[in-house]
Amino acid sequence: MDHMSMIEWARAQFAMTALFHFFFVPFTLGMSFIVAFFETIYVKTGKQEWKNITQFWQLIFAINFALGLSTGIIHEFEFGTNWSTYSWMVGDLFGAPLAVEGIIAFFMEATFAAISFFGWKRVSKGVHLASSWLLGIGSNLSALWILIANGFMQHPSNAFENFNIDNSRLEMTNFWQLIAQPVAQVKFLHVVSAGYTLASIFVLGISAFYLLRGKHVEFAKKSAAVAAAFGLISSIFLAVIGDDHAYEVTNTQPTKIAAAEGLYVGKKGAPIVAVGWPKDLKAADVQTNDQAWAFKIEIPHLLSILGKHGVNAYVPGLKDLIDGNKKYGIWPLSKLAEVGQEARTDLKAYHEAKAAGDTAAMQKAKADFYSVVWSDPKLGLKLRKCDLIGYGFFKGKNPDLIHPPVLPVFISFHTMVALGFWFILLFIWAWIAVVKGSFANSTLLQKLAVLSVPLPWIGTSFGWMTAEIGRQPWTVFGVLPTAESATPIALANVQATFFMFLTAFVILGIAELKILFTVVKHGPKGAH
Amino acid sequence: MFKRILFFYIDGFKNLSDLGRKLWVIILIKLVVIFVVIRAFLMPTLNREVKNPQVRQQLYINQITGTSTVKKKKEE
């Protein structure tokens, strides 16, 4: 029981670290490019006002960069301290992109940040501009490596091609296969475009704030114009790539999309719930989808269209994923768990035979472990016992443990999507106002832009909650359950460090906001 | 070349604004608190408790194959 509580505390600690880290990350991703845009205009026009604009937003970027610095590395030692079984089993694969991020992208960021911050009077305009762009590219490359690592956790395709049976670890055999995972690519584009949208809303909102107060009017109009253009492109791209992401998730993590849509009983032409409140029931207690909702308004067929690219395509529900559905070739959890447990037994037999020096028994256990349990020669697909080892941990357990909780995943996913649509509307409105030259006079738009400043942070946090709570009960989907990933350390250690990190994060968060508010209140140097 | 790069940084740090100095102080305090105080002294690792890598490897294999004794010990 203590062990389970330790896992929950370790998860809470990791979630808190991730959400705190992600307070800074998307802002860095987006602001680095916005600053580079402003500087490009300055270099092209040679006008001092554009230099002032660039330097003001670069100062805001620098504050965020400095305070967010190294908050992500905390994750890496949490993997070692709290999640050592996870780190043992997949660390060789998962650690490689993190190491590349550290070596290439981080050093790239550090080098070009120094030239960009210190180099205004020390290097030529062209070198400085190149440094600003390379700083943006470096920041975004950092995100690429992190999301390749996360993409592997979401969909570890062909994971057991890389399994070393002697030490029971997944090892790196094909780096390019890891990089080229479609889930990681789509996730990367989704996250960086969310960062661009977030930074654009920040610039638009602060510019609107100055206009409402009648201060720094020319500065605000020019900043808002760039933010509206960049934000409009980014927010539309965010929605388009979000659709691709939903397609990938539907086909690789069916429990996540079923929970996100509160779909208990799978159906053809599955709808999306536009507005509703799920009751978060156990799958065994639900006979029809309507039973599971306090209320809902649906858009018919939309989930099938978006998730399967077919108006009447079948989308499995949580009950299908637990009880199985022969018609659609879905195995029941009991069968998956049975085969998975056999794989664990084969692995155990292999290690026992190895310890006893029984080569024949080792070969038999290895052959059993890798034996094919299902194949489709037409499609060239096969499923081996080892591929299902993760399900073995669920043998004899409550079947509802196999899917994530419906309510938090539904709320986080739908709030994120709703905010995404609001950002598109806001940027369309802002862009039209900028083109017509009416942005400086539209008080309602300015007020909405100011009020929208915190919303993308809420949207990005909910996005990560959808991704990570929705992946439960797995750390590596289908391979390693969360409950088996943790280090067997004392609960008190995790609780103590949780509160210490919480204190550190609250102090840092207050420092960031206080410094940002002071700089924003003071306004741009030399802008009138 | 090396000298130029060195002076670039020295000059940059020498001419930091008040806000720049404040940010560096925050960075240094943050690094000390997170990496020295919390990480080095307060976060236990299995590596410290189980020093022999062979034994550690066996513990992880046991957890994956379902013969873990460490988990049971902690649950007692």
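The structure is a predicted model, in which local features need pLDDT of at least 70 and side-chain atom pairs count only at pLDDT 80 or more, while totals for chains, interfaces and linings use all residues. Residues are numbered from 1 along each chain as its sequence is written, and chains are lettered from A and ligands numbered from 1 in the order in which they are written.

Chain A holds 18 helices and ten strands; helices (H or I, at least four residues) and strands (E, at least two) are DSSP runs, numbered from the N terminus. Along the principal axes, the C-alpha atoms of chain A fill a box of roughly 80 × 50 × 50 Å. The radius of gyration of chain A is 25 Å, which agrees with the value near 24 Å that a compact globule of 528 residues would have. That radius is taken over C-alpha atoms, and the globule rule is 2.2 Å times the number of residues to the power 0.38.

Chain A is divided into domain 1 (2-253 + 404-522), domain 2 (257-326) and domain 3 (328-399), with bounds that come from an automatic or database domain assignment. The centres of domain 1 and domain 3 of chain A, taken over C-alpha atoms, are separated by 38 Å. Even so, ten residues of domain 1 of chain A are in contact with nine residues of domain 3 of chain A, where contact requires that the C-beta atoms of two residues, placed from the backbone, lie within 7 Å. On the domain 1 side, these residues divide into seven nonpolar, two polar and one charged. Here Ala, Val, Leu, Ile, Met, Phe, Trp, Tyr, Cys and Pro count as nonpolar, Asp, Glu, Lys and Arg as charged, and the others, Gly among them, as polar.

Helix α2 (residues 48-68) and helix α18 (residues 491-522) of chain A pack at an angle of about 170°, with their axes 10 Å apart. Axes are lines fitted to C-alpha atoms, for helices over the stretch in contact, and angles run from 0 to 180 degrees between N-to-C directions. The angle makes α2(A) roughly antiparallel to α18(A), since angles under 35 degrees count as roughly parallel, over 145 as roughly antiparallel, 65 to 115 as roughly perpendicular and the rest as oblique. From α2(A), A:L59, A:I60, A:I63 and A:L67 take part, and the partners in α18(A) include A:L508, A:E512 and A:V519. By class, this contact has nine nonpolar, no polar and one charged residues.

Helix α3 (residues 73-81) and helix α4 (residues 84-118) of chain A pack at about 150°, with axes 9 Å apart, so α3(A) is roughly antiparallel to α4(A). A:E76, A:F79 and A:G80 of α3(A) meet A:S84, A:Y86, A:S87 and A:L98 of α4(A). This contact divides into three nonpolar, three polar and one charged residues.

The axes of helix α5 (residues 125-154) and helix α7 (residues 182-212) of chain A come within 8 Å and cross at roughly 135°, which makes α5(A) oblique to α7(A). Their contact has nine nonpolar, four polar and one charged residues.

Turning to the partner chain, 30 residues of chain B are in contact with 37 residues of chain A. The largest share of the chain B side, ten residues, comes from α2(B). That side has 17 nonpolar, seven polar and six charged residues.

Two local features complete the picture. Most residues other than glycine have a negative phi, and most peptide bonds are trans. The bond from A:Q472 to A:P473 is cis, with omega near 10°, and A:P473 is found in the loop between α17 (455-470) and β9 (474-476) of chain A. A:S168, a residue other than glycine, has a positive phi near 55° and lies in the loop between β1 (163-164) and β2 (169-170) of chain A.
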